Amino acid sequence: MYDLIIIGAGPAGLTAGIYAGRAKLKTLIIEKALAGGQISSTNVVDNYPGSIQSPSGMALSERMLEQAQDLCQIVYEEVKEVNLEGKIKTIKTDAKEYQAKTVIISTGASPRKLDVKGEDKYTGFSVSYCSTCDGPFYQDLDIYVIGGGEAALEEAEYLTRFGRKVTIVHRRDGFRASKIVVDRVKENPKIDFALNCVVEEIKGNEREATELLVKNTKTGELSVLKPEDETPIGVFVFIGHIPQTELFEGVINMENGYIITDDDMKTNVEGVFAVGDTRAKKIRQIVTATADGCIGAEMANKYLNGEAW
């Protein structure tokens, strides 16, 4: 019997574990894959206060993991079923069944796909959702980055280390990113833009993508983006994320798949909290995820100490 089970070991979940452990709560973190969540695949994190100069996402998440491991138990299993009603919560994984008095949901989100013809065919060969994982495979080739948010622009800038040219394909003519990032990208001589364009199809040979069929969002005109020398291309997709909350449908109140909480991270189910990218909120950054984790753990502790829900 645990005081607290945290589902997910991203920045929010690890922070919750650190604070819960410091409060002497018997805490278990369950993670199905890699601790650190999305930041583990981020090349440079330069907006997390107090971190070392230009740390990688992996380095930052590894430090968070080290801190959490000193204070709570972590297992790498996939949660298959949950029963969150009643005073005792039951969590079933692919290996074991656990029980706890409180639960923090920190399952994060996964990359959103384009859902166009050719995407699935070339995923793992020419289509990627992680620049640090796959960027080096496209040395001296043309790279196309799909998206117009902060992540898309930062990853496009990073990919100029490998590609001979990086083209940002975005459905609008403006970007949803901070001005400092937009200015850096616009000033980079290796970055081009295909604005007011959406990808209709990813085309290529049996193994590699070689061109993009795009449509102009204003005129409807179709055109092809491809290298002049007919070499293979890399396609990196950064168009947002999908919350990983299917397990909690019908039990936890949600909005567009994101879990609804109050300012104390409380859900509609007593003893259950949600933190990080799983939660319905306006800003999703590492710093807001860690803040959520802190609040969630502190409120779980107060609840266990008899504070009314």
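A: Helices (H or I, at least four residues) and strands (E, at least two) are DSSP runs, numbered from the N terminus. The model is predicted, so to say: local features need pLDDT of at least 70, side-chain atom pairs count only at pLDDT 80 or more, and totals for chains, interfaces and linings use all residues. Residues are numbered from 1 along each chain as its sequence is written, and side-chain values use heavy atoms, with hydrogens and water left out.

Q: Which residue takes a positive phi in the hairpin of strand 13 and strand 14?

A: Gly 220, with phi near 80°; five residues lie between the two strands. Strand 13 (residues 209–216) and strand 14 (residues 222–225) are antiparallel and share four bridges. Leu 212 stands opposite Leu 225 of strand 14.

Q: And the open sheet, what is its strand order?

A: The order is 8-15-9-10-11, five strands with parallel pairing. Strand 8 (127–128) and strand 11 (191–195) are the edges, each pairing on one side only. Strand 8 is joined to strand 15 by two bridges, and Val 127 stands opposite Val 235 in strand 15.

Q: Which strands does helix 5 lie across?

A: Strand 9, strand 10 (165–170), strand 11 and strand 15. Helix 5 (residues 150–159) runs at about 170° to strand 9. For that angle, axes are lines fitted to C-alpha atoms, for helices over the stretch in contact, and angles run from 0 to 180 degrees between N-to-C directions. Contact means heavy atoms within 4.5 Å.

Q: Is Ser 131 buried or exposed?

A: Buried, at 1% relative accessibility. The cut-offs are under 20% relative accessible area for buried, over 50% for exposed and partly exposed in between (1.4 Å probe, protein chains only). Ser 131 lies in helix 4. Leaving aside neighbours within four places in sequence, its contacts include Glu 155, Tyr 158 and Phe 236.

Q: Switching to rings. How many aromatic pairs?

A: Six. Rings of Phe, Tyr and Trp (its six-membered ring) pair if their centres lie within 6.5 Å; planes under 30 degrees apart count as stacked, over 60 as edge-to-face and the rest as tilted. Tyr 138 and Phe 236 have ring centres 5.5 Å apart and planes at 80°, so this pair is edge-to-face.

Q: Where do Tyr 138 and Phe 236 lie?

A: Tyr 138 is in the loop between helix 4 (131–134) and strand 9 (142–146), and Phe 236 is in strand 15 (residues 233–237), so the pair ties together parts 98 residues apart in sequence. Tyr 138 is buried at 6% relative accessible area, and Phe 236 is buried at 0%.

Q: What about Tyr 303 and Trp 309?

A: That pair is edge-to-face, 5.4 Å centre to centre with 80° between the planes. Tyr 303 is buried at 15%, whereas Trp 309 is partly exposed at 31%. Together with Phe 273 they form one aromatic cluster.

Q: Last topic: how many residues are in the largest nonpolar core?

A: There are 29, and those with the most contacts inside it are Leu 14, Ile 29, Ala 68, Ile 104 and Phe 273. Such a core is a set of buried Ala, Val, Leu, Ile, Met, Phe, Trp, Tyr and Cys residues joined through side-chain atoms within 4.5 Å. Helix 7 gives the most to this core, with six residues.

Terms used:
Pairing = 2+ DSSP bridges.
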